[in-house]
Amino acid sequence: MIRAYKYKMKPTSNQEAYFAKCFGCTRFVYNYALSEKIKAYTNEKKTLSFFDLCALVRASRKDNEHKWLNEVPALSLNYSLLNLNNAYNHFFRTKSGYPKYKSKKDRHDSVKFEPNSTRYDFKNYKVRIPKLGWVRLCMGRTFDVSAVKINSTTVSRDACGTYWCTVTIDDGNTVPPKVKVERGASIGIDVGISDFAVLSDGTRLPNMQFSERSQKQFARAQRCMARKQRDAKGTPASRRYERYRIKLARLHRAVENRRTDYLQKTSTMLVRQYDTICIEDLNVKGMMHNHNLAGSIASVSWSSFVRILEYKSEWYGVNLLKAGRFDPTSQTCSVCGYRNNGTKDLSVREWTCPECGTRHDRDINAAINIVNTAIERHFNKQSPAVTGITDADGADSESKTGTSSRICDYASDETSMQNVLK
Ligand SMILES: [Zn+2]
């Protein structure tokens, strides 16, 4: 199984300078390759492949003007080209999000290092970075270095100026087989805004409103920052501006950490407790078009929750089933199947079925319907109409154009990158 570990780093100022160089070079290579690709296409209607771009960068490393590119590992530059390649593939696949130039002002930088040139020493909590040497790490959960295969190491710097080392490993374990789907050990989850999730057994998981609870602090920090001298053309930002910028970034990070913690703990609780988890196939991007709800929807982060559930259910051998996007789960009576159109109105929290007379709580009824529909679909071997959390347009265009491999004739994975380096 592929797993990722993330450590906070403690680089010295010299080491920070080296990483700054790496970030700068990978950003330069990315932007240079993007502009060359655009130029080649507009002038000659020619598509530069990943291999063409690697050759271009290799050539520019040799000329005098770009000598400084040699100060960082060649493979890290190729990883940057691979990122561009992936960005193009994503664009062709979803027909949205044309690759953009990377800006120095983005405040999030990263550089990837080749696995064979990095080494980990967890006795002393150190990582060896190519062309630099050993860098100290903060303590964290470790893995057995001798037993696993390291896939990659990425060093990143966030908006607060903290350095992180992310390592992905293959621990050699195989994914556990999925248990048989049974109604008894299944749970349905109806996500919402007033409650983060309502389970079909009646449990309510509260919406913790992490962003909303910090609104005042955000506003104060932003107000302070707005009064300081920010960077204009030629003049750098004042030191006070920087101080408040970091303060605000830390606030955002703290909220993010709280939210991630909650999502991780909730999802672990669910995959440990149940054999089959049924969720709704949500169109989150579509819902975000509603400006009144967009903030609250972003704050509860359903997409992240589903993404976490997807990989965790693989780890634990749990079935994750989806009810269709257009299944009327909140309108149907879970007892007799009567369809009540009156519950389309979101303010109706409780209703009584005119057919069988059952009193329903809107969310619990929906959660029960989600289990029923998802399991029924599973046994009929019907996957939901649209799978995954994508916006409807993107998913449609993918199915219409058919294959992504037809459009993208160039490398899309890391093995092809290994080939080009040989
Ligand atoms: Zn009924």
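# Zinc site, pockets and cavities

The largest pocket lies between domain 1 (2-173 + 412-421) and domain 2 (186-390), because both give residues to its lining; the domain bounds come from an automatic or database assignment. This is a predicted model, in which local features need pLDDT of at least 70 and side-chain atom pairs pLDDT 80 or more, while totals for chains, interfaces and linings use all residues. Residues are numbered from 1 along each chain as its sequence is written, and side-chain values use heavy atoms, without hydrogens and water.

**Pockets**

- A pocket is an open set of points on a 1 Å grid over the protein atoms alone, with protein on both sides within 12 Å along at least five of seven lines; lining residues have an atom within 4 Å of a point.
- The largest pocket holds about 1600 Å³ of space, a volume being the space filled by probe spheres set on the points.
- Its lining has 35 residues, with A4, K6, T260, Q264 and Y311 nearest the centre.
- α6 gives the largest share of that lining, eleven residues; helices (H or I, at least four residues) and strands (E, at least two) are DSSP runs numbered from the N terminus.
- By class, the largest pocket is lined by eleven nonpolar, eleven polar and 13 charged residues, where Ala, Val, Leu, Ile, Met, Phe, Trp, Tyr, Cys and Pro count as nonpolar, Asp, Glu, Lys and Arg as charged, and the others, Gly among them, as polar.
- The second largest pocket has a volume of about 860 Å³, and E280, L282, M287, L346 and R362 lie nearest its centre among 30 lining residues.

**Cavities**

- There are two cavities of 30 Å³ or more, a cavity being a set of points where a 1.4 Å probe fits but cannot get out.
- The largest cavity holds about 50 Å³, and the residues lining it include F196, R259, Y262 and L263.
- The second largest cavity holds about 40 Å³ and has six nonpolar, no polar and one charged residues in its lining.

**Zinc site**

- The zinc ion has the protein donors C333 (SG), C336 (SG), C353 (SG) and C356 (SG) at 2.2 to 2.3 Å; donors are N, O and S atoms within 2.8 Å of the metal (3.2 Å for Na, K and Ca).
- The donor arrangement is tetrahedral because the angles are 106 to 112°, and four donors count as tetrahedral if all angles lie between 85 and 135 degrees.
- C333 is buried at 2% relative accessible area, whereas C336 is partly exposed at 38% (buried is under 20%, exposed over 50%, partly exposed in between, with a 1.4 Å probe and protein chains only).

Note on methods. Four donors count as tetrahedral if all angles lie between 85 and 135 degrees; four count as square planar and six as octahedral if opposite donors are over 155 degrees apart and all others between 65 and 115; anything else is irregular.
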